[in-house]
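Dear colleague,

I am passing a structure on to you, and below it you will find some notes on what was found. Please read them with the model open beside you.

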Amino acid sequence: MEPDDRHELGRREQAILTLERRGFPGPGAKERAIREELGLAPVRYYQLLNALLDDERALAHDPVTVNRLRRTRETRRTGR
């Protein structure tokens, strides 16, 4: 790992955040995009996304998306 690598997100992490910024027209469209564009199973995608939400590099890369997703996650946790 290069010294600067730990301060920047990798391509996969950036692609996950990019996908999260998009809107999807209906049920199943997002899961289809996850499989086709990222080559990931939806379960794995959401595991990686959840870890990204706690990563300060992700916050620095896309604060609007990360903060929106953090609020959504917190709302779901307190609603349980």
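Ile16 lies in helix 1, where helices (H or I, at least four residues) are DSSP runs, numbered from the N terminus. Please keep in mind that this is a predicted model, in which local features need pLDDT of at least 70 and side-chain atom pairs count only at pLDDT 80 or more, while totals for chains, interfaces and linings use all residues. Residues are numbered from 1 along each chain as its sequence is written, and side-chain values use heavy atoms, with hydrogens and water left out.

With a relative accessible area of 1%, Ile16 is buried (buried means under 20% relative accessible area, exposed over 50%, and partly exposed in between, with a 1.4 Å probe and protein chains only). Leaving aside residues up to four places away in sequence, Ile16 touches Leu38, Tyr45, Leu48, Leu49 and Leu52, where contact means heavy atoms within 4.5 Å.

The buried residues of helix 1, which spans residues 11-21, are Ile16, Leu17, Leu19 and Glu20. They cover an arc of only 160 degrees around the axis, and therefore sit on the same side of helix 1; the arc is that of the directions from the helix axis to the C-beta atoms. Their cover includes helix 2 (29-38), helix 3 (42-53), helix 4 (56-61) and helix 5 (63-78). In helix 5 is Thr65, which counts as buried at 4% relative accessibility and which touches Leu17, Glu20 and Arg21, not counting residues up to four places away in sequence.

**Helix 2 against helix 3**

Helix 2 and helix 3 pack at an angle of about 85 degrees, with their axes 9 Å apart; the axes are lines fitted to C-alpha atoms over the stretch in contact, and angles run from 0 to 180 degrees between N-to-C directions. Helix 2 is therefore roughly perpendicular to helix 3, a term that covers angles of 65 to 115 degrees. Lys30, Glu31, Ile34, Arg35 and Leu38 of helix 2 make the contact with Pro42, Tyr45 and Tyr46 of helix 3.

**The aromatic pair**

Tyr45 and Tyr46 also form an edge-to-face aromatic pair, at 5.1 Å centre to centre and with 85 degrees between the planes (rings of Phe, Tyr and Trp, the last by its six-membered ring, pair if their centres lie within 6.5 Å, and planes over 60 degrees apart count as edge-to-face). Tyr45 is buried at 0% relative accessibility, whereas Tyr46 is partly exposed, with a relative accessible area of 34%.

Technical notes:
Helices (H or I, at least four residues) and strands (E, at least two) are DSSP runs, numbered from the N terminus. Rings of Phe, Tyr and Trp (its six-membered ring) pair if their centres lie within 6.5 Å; planes under 30 degrees apart count as stacked, over 60 as edge-to-face and the rest as tilted. Angles under 35 degrees count as roughly parallel, over 145 as roughly antiparallel, 65 to 115 as roughly perpendicular and the rest as oblique.
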